[in-house]
Amino acid sequence: MAESTKVDPVLVTSVLDYLRRSEHGYDLDEMAEHFGLPATRMIGIIDFLWTLEFPDSSLNGHEHMFDFDADGLAAEDPWVKLTHDPAAKVTRRFQPQELATVLTGLSTLRDFRNPEETEILDRLTAKLLGQEASDSVAEKIEAPVVAAMRRALDRSTQLQFSYFREFADAPETRTVDPLRIEVRGAMVYLLAYCHLREGMRWFRHDRILTFTELDEPIGQYSEQDRNQPLQVRGQGLQRVDAAIAPCVFAALRPYLDARDFPPLDSDGFSRCSIVFRSLHVAARLAAENAGAFMIEGPAEARSFMVRWAQEALSGGSTLSSPKA
């Protein structure tokens, strides 16, 4: 067999999905052409799958390993046939925290994938969420502004949008040169050169109110410019003690600075301290995730939450405060 090579997990998933479509297998060269790979690279992927174990207590011996028709690959005109698929025999059930982790991972993998790979990830995400899989799953899952960001990156053209900066009294119109997207849990961040601020800025997708895709090409930027690290931070930081249900782990993960959530307590909540840019941010998240994200301390944070909620219920200015 050919020497195994490092493989992309999305590519491996795509190959398996392709092989499951036919019980008779595929011609190696045709299969390699389908994926746009040389035949030697395709053999390397098959070799990798051949040694891959699928751990599950209900499977014994070689039942937990993928298997292929060795005679087919050794033929003069080689072909690939999947003869044993351990993943097809196992039903996986995720705990809430595990499901949130898997969905976050799929969201990250989706970034910068080709349309075929993106479709596979979207179908898998839909299944995990209990939704019907269809060709339009990506449109249902991805926000229109995120799709616009991706198109602008593909075309190397500018975006113009109305952006509600934190602590601002009104949105600002920004014209930017998009350079990179980074996904953190449920949030999508765009690194771009901002022509209004004349510098590099990170923009969060949920703070963009309206947008326009421009035909103006972006400027020239160095690799150092494009690889600036994402920092979900700001001035006037506020620390709160919170009880967090697993169903909102994905939404809160960007605020944890790559930390893991502590184990669940007996009441089903994970408890930890989180730093926010302002108590307004924490209050809005608590309101949007009522019963699943609760502020337990310090006392001044709880007092602020009470005042914020009272003002919101009375139709005060809190309802029109800027987005986080």
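How many residues does helix H3 have, and what does it reach from its first C-alpha to its last? Helix H3, residues 39-50, has 12 residues and reaches 16 Å between those two atoms, close to the 16 Å expected at 1.5 Å a residue, where the expected span is 1.5 Å times one less than the number of residues. This is a predicted model, in which local features need pLDDT of at least 70 and side-chain atom pairs count only at pLDDT 80 or more, while totals for chains, interfaces and linings use all residues. Residues are numbered from 1 along each chain as its sequence is written, and side-chain values use heavy atoms, with hydrogens and water left out.

**Overall make-up**

The chain has 12 helices and 12 strands; these are DSSP runs numbered from the N terminus, helices being H or I with at least four residues and strands E with at least two. Of its 324 residues, 43% count as buried, a term that means under 20% relative accessible area, with exposed meaning over 50% and partly exposed in between (1.4 Å probe, protein chains only). The chain exposes about 17,800 Å², of which carbon and sulfur atoms supply 50%; accessible areas come from the Shrake-Rupley method with a 1.4 Å probe, and for residues only the protein chains shown count as cover. Among contacts (heavy atoms within 4.5 Å) with a separation of 6 or more, residues 24 or more positions apart account for 57%.

**Helices H3 and H8**

In H3, the buried residues include Met-42, Ile-45, Ile-46, Leu-49 and Trp-50, and the buried residues of this helix pack against helix H1 (9-19), helix H2 (28-34), strand S2 (67-68), helix H4 (70-74) and strand S3 (79-80). Helix H8, residues 144-155, also has 12 residues, and its end C-alpha atoms are 16 Å apart, which agrees with the 16 Å that it should span at 1.5 Å a residue. Val-145, Val-146, Ala-147, Ala-148, Met-149, Arg-150, Ala-152 and Leu-153 are the buried residues of H8.

**Nonpolar cores**

A nonpolar core is a set of buried Ala, Val, Leu, Ile, Met, Phe, Trp, Tyr and Cys residues joined through side-chain atoms within 4.5 Å. The largest has 28 residues, and those with the most contacts inside it are Ile-244, Leu-252, Ile-274, Phe-276, Phe-293 and Ile-295. At least two residues of this core come from each of strand S10 (238-244), helix H10 (249-252), strand S11 (270-276), helix H11 (279-288), strand S12 (293-297) and helix H12 (299-313), and H11 gives the largest share, six residues. Beyond its neighbours within four places in sequence, Ile-244 is in contact with residues including Leu-252, Phe-261, Ile-274 and Phe-293. A second, separate core of 21 residues includes Leu-11, Val-12, Tyr-18 and Leu-82.

Strand S7 (residues 187-194) runs antiparallel to S8, joined to it by six bridges; two strands pair if DSSP finds at least two bridges between them. Tyr-193 has Met-200 of S8 as its bridge partner. Strand S8 (residues 199-204) is mostly covered, with five of its six residues buried.

The structure holds six aromatic pairs, which are rings of Phe, Tyr and Trp (its six-membered ring) with centres within 6.5 Å, planes under 30 degrees apart counting as stacked, over 60 as edge-to-face and the rest as tilted. Phe-161 and Phe-203 form an edge-to-face pair, at 5.2 Å centre to centre and 75° between the planes. This pair links distant parts of the chain, with Phe-161 in strand S5 (residues 157-163) and Phe-203 in strand S8, 42 residues apart. Ring pairs link Phe-161, Tyr-163 and Phe-203 into a cluster. Pro-178, which lies in strand S6 (residues 172-184), has its C-alpha atom 9.9 Å from that of Phe-203.

| Residue | Relative accessible area | Class |
|---|---|---|
| Phe-161 | 3% | buried |
| Phe-203 | 1% | buried |
| Pro-178 | 3% | buried |
| Ser-156 | 36% | partly exposed |
| Glu-198 | 64% | exposed |

**Backbone details**

Ser-156, in the loop between H8 and S5, has a positive phi of about 55° although it is not a glycine. Glu-198 likewise has a positive phi of about 55° without being a glycine, and sits in the turn of the hairpin that S7 and S8 form with four residues between them. The peptide bond from Gly-297 to Pro-298 is cis, with omega near -5°, and Pro-298 is found in the loop between S12 and H12.
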